[in-house]
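This note is meant for a colleague meeting the structure for the first time. Please read the points beside the sequence and the model.

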Amino acid sequence: MKRILAAAVLAGLAVAQGVTSASADALAEVREKGVLRVAVYKDFPPYSYTDAQGRMTGLDVEIGKALAGKMGVAMALVPIPASDESMEDDLRNAVWKGHYMGWGKADVMLHVPVNADFQKRVDKVALFAPYYRELVAVAYDKTKIPDLNSLDVFRTEKVGVEMRTVADQYLITTSNHAYINNVRHFRTVDAACEAFKAGEVPAFAAQRGQLEHCLGPDRSRFVIGTVPAPDVRVFEWNVGMAVKADETGLRDALGEAMEALRKDGSLQKIFDRQAMSLNTPAN
Amino acid sequence: MMHARFPMNRLALGVSLLLGVASAAVAGVTDQNLLDAGVKDNKSVLTWGIDYQGTRYSPLKQINADTIKDLVPAWTFSYGDEKQRGQEAQPLVYNGKIFVTASYSRIYAVDAKTGKKLWVYEHRLPDGILPCCDVINRGAALYGDLVIYSTLDAQLVALNQETGKVVWREKMDNYKDGYSNSAAPIVVKGLVITGVSGGEFGVVGRVDARDALTGKLVWTRPVIEGHMGYTFKDGQKTEAGLTGETGKTWPGDLWQTGGGATWLGGYYDPETDSVLIGTGNPAPWNAHTRPGDNLYSASSLAIDPSTGKIKWHYQTTPNDGWDFDGVNELVSFDLKKDGKTIKAVGKADRNGFFYVLDRTNGKLISATPFVTKQTWATGVDLKTGRPIETGVRPGDPSKSADGKKGETVFSAPSFLGGKNWMPMAYNKDTGLFYVPANEWGMDIWNEPITYKKGAAYLGAGFNIKPLYDDYIGALRAIDPATGKIVWEYKNYSPLWGGVLTTAGNLVFTGTPEGFLKAFDAKTGKELWSYQTGSGVVGCPVTWEMDGEQYIAVPSGWGGAVPLWGGEVAKRISYLTQGGSLWVFKLHKS
């Protein structure tokens, strides 16, 4: 049994399951135990994923470690599977309730979009401390696509996307499905990257961090450019974190830790190590 | 004929060879037993649907409209521990034992006379699985001395009926790729036949057949056009032809991840030798991304159980945009119309139409509404078999990329359907189908920007709403010859349990409020009810033991409604969870 639709209205759920907000002081508990539980997505390269040695690694894992370090505690990672519906589910599982299978429930979740509209919809959590700005971009092979100044290039050229992403949704529907037959779908961002590097598709649309990580050192053959579709707001957003709405002490402590990481240059170093650009969050 | 291939049957095989009785190769439940189940044999309940055709009709009549006032509990059995979530199973009864599956992929064997627990098998589920819709299981299958059921991490497990020990265990697919399973398997001609469940992450529906005694795959048939089917023999994989024609009703490469999950499993019709199975909604959910009919999503299929070939298909919702899964059960029956008897099949679809098809060829005979409101179509064209759409469809989320919230559209039935998974029954004495329906719609709109896995996404918001103040659920008796609703019973909360009907002129079903109820099959008059302590969303069964007729039903509220109910959830928020099996018989003073 399935439902299709993203962005469930969760008010009904909260009523149904009798959710109450416990007002335990999470910050005191973190300090007492000396452990900060950090939720990150499983299988989400290059932000959080398992490396060849079987260890969780990636941008968000490094940031979690650095945050815990600044607070003088150890990090305990809580990798969570992404809901195929919407992030509201992930925030419920990772931050304010836990999943009914018994997993989830961390002190803080990373890689959460931070903006006022989204905050209104997820009132059980506080969104704060954006650490960078993500954007959807297109990587392309200069020898095949000299200039990507219009999406009309994809009337004739193929473009790879990870399925069920905004790049996928946008490219197959825009301009009255003009590009639908040239959009090649891959199950994972890694598979799309491999196909792109192997020359199976001359272009690859994904989040900029994913493109940068994919191309790595041999970036010179390729261009990473913005999606040539003006006024499309969905292509940029701030990435930060979330704690339970009433955990103001923990929120402030994490916010200060993030600010300190930015000021002392540690954040920049983490991005450099991941070969990713640190774009400053916008208001 | 199947051969015995595991140690437990060596003795039986030896004896049968000695006596030269070839057909006795399988000890325990045989193919003949399954053919007789619910038809000639009423001392057991051997298969999902009670009989192969899925009528959920029993010829037993000791318990009848006159005697039912004396129906009392014989015993009750608690599943125990903290895992009290939705109990949607249909119990099986064989050889003095009841086999019942429970939430979190558990299965119990209980002494049918006393309710004493004989064994329990608790499948060990991996960490971090993400079942879409509660942790339910709908039941098991019996074959030989095995009891076979599927698990939330997409495995198929066969246990010894006596000991509960694992005899074989096969991975149906990778749970990490979003696959899961909760439907009851069926066994046809020695093959255990299953569908697959899964969400949006590129799952493609298919039907698999495995040797019931060993678990080895025999054939697999994808249900989305463009995919190759295969047969397997002695470790050799052989192509068995494409499903449909690649790219005919799908744009681009979208058929490759096209959905159509067969998450409810199927029934078998011995008369036409067909597995009849429904397919789920196409993926992705946004219909605007996949112009075309998207075959064979949201369809009914007849499949040859020996080869996996699709004999016919009938699509109920072309280019589905409402999550009108076509998975609902296809119940075979003899339709008497204009003095003729037609081999027909009935289906109450999520989309609100009750379809009658000719089950020899899939041709549409009739399609009539079984709910009071359908915003998406005014009817079905009997010539073309296609719905007559109103044009009321949810908007295109890519249009919200400009940052504005889209227009709200009210759509009925809601995505939970005019009828969801809960199986209906057909009574050959009254000639009526008994359909557990729900009256609800949904507001649906495009969100300016939603987020998925930390990234922007063009999503839709929705809110399920009851259509009426006084009821959502409606058990309806439908005459398949005319489409007329002969009687109805209204229930305040949604109906979410299976139906049983008997020759005693009775119809049984449960309610989330906790009652098992019995109705007069002809008039719909409520004759009996019993409070089981938690919501009844399971499937009642009946059998005869030592000259007495018994009724069994699981009790335990849960399933998709509390998770996805929107405004409806407010009506059911007071209901408490549970997990037990109730067994009833007539009181003797």
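What distance separates the centres of domain 1 of chain A and domain 2 of chain A, taken over C-alpha atoms?

1. The separation is 28 Å. Domain 1 of chain A covers 25–133 + 238–273 and domain 2 covers 134–234, with bounds from an automatic or database domain assignment. Their contact takes 7 residues from each of the two domains, where contact requires C-beta atoms, placed from the backbone, within 7 Å.

2. This is a predicted model, in which local features need pLDDT of at least 70 and side-chain atom pairs count only at pLDDT 80 or more, while totals for chains, interfaces and linings use all residues. Residues are numbered from 1 along each chain as its sequence is written, and chains are lettered from A and ligands numbered from 1 in the order in which they are written.

3. The contact between the chains takes 53 residues from chain A and 63 residues from chain B. On the side of chain A, α6(A) gives the most, with 7 residues; helices (H or I, at least four residues) and strands (E, at least two) are DSSP runs, numbered from the N terminus.

4. The largest nonpolar core has 171 residues, of which B:Ala141, B:Ile148 and B:Tyr434 touch the most other members. Such a core is a set of buried Ala, Val, Leu, Ile, Met, Phe, Trp, Tyr and Cys residues joined through C-beta atoms within 7 Å; buried means 20 or more other C-beta atoms within 10 Å of a residue's own. Apart from it lies another core, of 95 residues, including A:Leu27 and A:Met258.

Technical notes: A residue is buried if 20 or more other C-beta atoms lie within 10 Å of its own, exposed if 12 or fewer, and partly exposed in between; C-beta atoms are placed from the backbone.
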